[in-house]
Amino acid sequence: MMGGSRNALRHALLALLLAAVACQGRLNEASQSPANPSAGSGHHLSVGGGGLSLGAFHTEVLRLDSDSMGCAGVAAADRLALLALGGNGTGGEGVAAELAKVLGEPGLRKLKLALAAAGAGELHGGGSSSSSSSSLRSVRRHTVEPTANTMQALGIITGMMDESINNYELETARCEVVERKELNMLKESQMNIDAASAEASAAKTGLLRAQETTQTIEEQTEPLLEKQLEETDEKCKGELDVMKVQLASVTSDMTVLKPLFGSFACTDTALIEVRGGSNTSSGEADHTKSGQQDTSLVQCPCLEDGRPAVQLRHARAQAQLLKLRSQEVRQVVQEFLMEAFVQTEQQHPGRVRNALLSQEEASTMRGLTQESQPETCPGTEDMGAGINGSTYRGCQTQTTKGNACMKWTSLNATDPEQGTGDHAFCRNPLGVKETIWCYTSDPMDPNVTWQYCTPLAPKQPPSGLTKSSCEMAGQCKVMEASCPEIRDKFLSIYGGVLDKSNQLTQDISATEASCAKSTEEISASKSVETSKETGAQGDLAAFTKGTVETEQHEQQASKFDEFLKKEYALKMKECCDNKNNYMTQLCGLKKIRHHLFESSGEPANISDCEVSDWTDGECSASCEGGTQKRTRSVTTPSANGTKCPPLEMDRECNTHKCPINCEVSVWTGWSDCSAPCGGGVMSRKRSVTVEPKNGGTPCPEEGETQSCNPQACNRDCELGDWGEWSGCSKFCLTGHRSRRMAVKEEQSGTGTCADPDSEERLGFEECNKETCMSKLPANRSFLQCHSVLDVVLLLDGSASYGAEGFEKMQAMAQLVVAGLIGGPVQASALVFGGPESFEALDKCTGGNMSSPPDVLSDCGMHWVSKLSNDTAGVAAKIAQAVYPDSTTLTSMALGQAMTELANGRTEASSVVVVVTDGEPMSQKMTASAAAALKASAKLIWMQVGRTAPAYVELLKSWVSKPWQDNLIEVASVNSLPTPVVVNGMLAAMC
C-alpha cells in the first residue's frame, strides 16, 4: 500500500475512533432518555472483525473525512463495519494485520488503548441508521463541557500531531543537507563544464589563429617575399650591368686619352711638339712649323642644328679624340674645350678671330673615315647618355633571363627617334624604365610581357676613326691657345674622365652594397616568416590535439552534469513528497480535532505552538564544512495544542571544498623582436605551478606577446622645432643669422632625413646690410680683423690667369693679409698649380701608389708662408711669389690647407680662402676635399671671371653655409685689389 493510502486509512480510522468515542458518550446518555427507546440496539463494530476490502474501505473512509464526522457518522460506521467484517464477522485477524501495517504496532496499541479508554471495545446500536442519526442530531443540540473522553481523545491526536511536526522538522533538516550537497556537486560540475568549455574555446581560437597564420604565410607573405627577392635581383643585375658597361666604356676611353699626354710636350713657341714624326696631311701644312702643329681651338656651328661645337685644330690629337666611344667622355671633352674657348674670348677677345676653313681642312678635322658596322646593327655597344641608357643603340637581342627579344614592329612600338624599329634590339624609349629592355615572352611565366636586358660588352676602339657627331660649317672662329692652356685643359679633361670613372666605381660599390643589404633584409624576412610558419605549424598540431581532448572533456563533464541534475531532481522530489505527507497528516489531524469539538458542541480552547523562522548564525568555516547555530523564538505559546519544536539547532555549513586559486611562475624575459622594423612580435612565458580547483581563480594567460619595432622599415626621420637664432655672420655687406632644426626621431632603413645643412633644417635671415665703407672712419678704406683666426689663403697659379692676372691676385691677397691684425690672427698662403704630365697626375691623385708624389715638383703646391702671426711678413712673401703658370689641382690644395690647420690653435677659428679663375682638374675630388675641410674650418671661395651657371651651383655646395656669405664672385681680375672686393673678403673671413 502506498504512503498516501496508508495515511488516508490512518486518518479514516482515527475519525472512526473519535466518532465512536464521542458517539458512545452521547448514545449512553440518550439510552437513558425515554425519547430513544431503541438506543443500544442495532449493529455492532468490532475493530478486530474479519475480511477488510481495502479499496472499498478506502472509499468509505474518504467519505468520512467530511461533515459526516461525529455522531452523524454512525450510519457510515455501520457500513464500514460491514465491509470490515465481510458481512459475517469473520476475518478479524486480517484487519488487525492490515492495521498493523498502516499504523504500526505503536499506533495499533494507541488505537486499542483509546478504544478501551472511551469504552468502545464494542459498539452496540439499535434501530436503523436513520434513527441513530436522528438521535445523534438531537443529542448535538445539547451544549456541554468537554468530557474526559473528549480530552483523552484530544491528548492522543495532539501527540500524533507533535509526532508529525517532529517528523516534518527532521525531514526538512535532512533535505537541506541533501540539497546543499547536491547543489555543491552541481556547482562544481558547472565549474568543470565552464573550465572545459573555456579550454575548448581557447584551443579552437588557437587552432584558428595557427591556421590563419600558416595560411597567410604560405599564400601571401612567402610568395610576396619571393617576388620581391626576384625583382630585387633582376633590378640590381640590370643596374649593375649598365654601370659596369659604362665603366668599361670610360676605362676604354681613358686608354685613348693617355697617348695624348705621352706624345705632347710644351715648348716656348706655345705649340704642341709631335714626337715620332710629322705624318701630316696637306691640310695641316699651313699650320705646321718646324715639326710642330697648331694648338688653336676652332669653334664652328653644326650644320644639323646650328649649335656651336669646339674642336682642337690639331689633326693627330683630334683623330685620337674621335676614337672616344663613351658619350659621357665625349661630353666632358666638349664641355672643357668650350669652356676654354668662351673664357678666353671673354677675357682676351684679341686672341679670337674669324676664319673660313677649307673643305680639305674641315674634312680632316671631322675624320670622315670610320669603321664599317654590320648592317644588322645600327650602332655601337656604347650605353650612351640620357636616362638609364635611353640612347643605347647596341645589338643586344636577349634579356637578362636569356629570352629572345621580339621585334618592336610586332607590337606597333616603332619610334625611330627612340631607336625602335623593325628589329629586336634592346632599347629604353624615353628612358621610362631602369635600363634597356625589350618585349619578350617567358615559358616559365605566362604573365611576362617584357624583361630587362644587359648591354653587350663594349668593343675595342677601331683602328680607323669614328665619324664626328657634328658636321661643321665652314664659317668658324679660331682662338690662339698657348701650350700650357691646352695642356691644362687636357689634364682637366682627364681629371673629369677620372671623376667619372671613380664615380661609376663608387656607384657600383654602393649599388652592390645596397642590393646585398636589400637581399639580406628580404632573406631575413623570409627566415622570420619561416620561423613563424614552423611555430604556427607546431601550434596547429598542439591545438588540434588540444581541441579534441578538451571537447571530449567538455562532453564528459556535460554528461555527468545531466546525471547530477536528474539525481538532484529525484532527491528533491522525495523530500518534497515526504514533507507533503507529513504536512497532509498534520492537516488531517487538525481537521479531525476541529470536527471533534464541532460535533460535540464542546468549547475548543486549543492553541498550537507557533515559532518564528530560523535565524542563521555565522558559519565557523568558509569552506570544507563548518558549524552554524540556528535559532528561532516562540511566537504563539501552546495551550492544549501541539508543543513547541526545538528552538535551537546546530547544522553543517559551507560544506563545499575550499577553492584553490591558480598560481603561476614569474615571467621569463622578453624574447627578441621577430622583425627589426615594420612591426614585429616579442613574447614571454610563465608556467602554472598550482592548478585551479573548486572554483578558484582561473589561470591567466601562460604566454604574452606585444608588438615591437613598429617603426616603418623605410621611415623618414622626424624633425623637431627650430632652435635660437645665432649672431650675425658678417660685420657689413649683408651677413646672415642662422638657426637649426634638430632631429626628433632618426630615420630607419632606406628612409631619408634632410641633411643638417639643408634648407629644411638650416635657416638663415639677413642682417648687417650696411656697406663696409659706411662703417669705416674717414681716413681708412679697408676693414681690419681682430678676431682669433687661423687663416689659409689658397691662390690659384694656373695658366688661365696669365702673368698679369696673377699679379692682380697677389695685390688683393696682400691687402687682405694687411687687414688681418697680427696676434689674434695667424695667416698663411699657398700658391697652387697642378701636375704637368699624366704620370704626375697619376701620382698626385692616388692612381700610382708605388711612389709618393713630391707636392711641389709633381703637384705644383708651393707654400709661400706657413701659419704666422707676422701678417706683414706673410704679405711680403705673397708679393714675392712666382707665377707657376701651371694646371689646377684644387683638391690637393684643400688637402694641404687641412694639414696646415691641424697645426693651428685650438682656441682659434679656422678659415680657408680659395681664389681661382677656373674649374679644378677633378670636380669630384674637389667636392670630397671641400666636404672634409668644412667639418673643421670655414671655406670661402672667390671665383674670378664669368662662370657657367652649372659650375656656380657646384661652388654653392662646396663653400660653407650660407653660400651667400662665402661665395664671392668677381667679374674680372682687374677688380681684385679694390676696396669693395678686399672688404668683402675681410667681412666674410672675420
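Over the ring of which residue does the charged end of Lys433 sit? The legends below answer this for a model that is predicted.

**Figure 1. The charged end of Lys433 and the ring of Trp450.** The charged end of Lys433 sits over the ring of Trp450, at 3.9 Å from the centre of that ring. Trp450 itself is partly exposed, its relative accessible area being 30%.

**Figure 2. The aromatic pair of Trp450 and Tyr452.** Nine aromatic pairs are present in the structure. In the pair formed by Trp450 and Tyr452, the ring centres lie 5.1 Å apart and the planes stand at 90 degrees, so the arrangement is edge-to-face. Whereas Trp450 is partly exposed, Tyr452 has a relative accessibility of 11% and therefore counts as buried.

**Figure 3. The aromatic cluster that includes Trp450 and Tyr452.** Trp450 and Tyr452 belong to one aromatic cluster, which they form together with Trp408, Trp437 and Tyr439.

**Figure 4. The aromatic pair of Tyr951 and Trp958.** Tyr951 and Trp958 make an edge-to-face pair, with 5.9 Å from centre to centre and 80 degrees between the planes. Both Tyr951 and Trp958 are buried.

**Figure 5. The charged end of Lys956 and the ring of Trp963.** The charged end of Lys956 sits over the ring of Trp963, and the distance to the centre of the ring is 4.1 Å.

**Figure 6. The protein as the setting of these views.** The protein has 990 residues, of which 42% count as buried, and its secondary structure consists of 18 helices and 29 strands. Its accessible surface is about 49200 Å², with 52% of this area belonging to carbon and sulfur atoms.

Definitions and conventions: Residues are numbered from 1 along each chain as its sequence is written. This is a predicted model: local features need pLDDT of at least 70, side-chain atom pairs count only at pLDDT 80 or more; totals for chains, interfaces and linings use all residues. Side-chain values use heavy atoms; hydrogens and water are left out. Rings of Phe, Tyr and Trp (its six-membered ring) pair if their centres lie within 6.5 Å; planes under 30 degrees apart count as stacked, over 60 as edge-to-face and the rest as tilted. Buried means under 20% relative accessible area, exposed over 50%, partly exposed in between (1.4 Å probe, protein chains only). A charge sits over a ring if NZ of Lys or CZ of Arg is within 6 Å of the ring centre and within 35 degrees of the ring normal. Helices (H or I, at least four residues) and strands (E, at least two) are DSSP runs, numbered from the N terminus. Accessible areas come from the Shrake-Rupley method with a 1.4 Å probe; for residues, only the protein chains shown count as cover.
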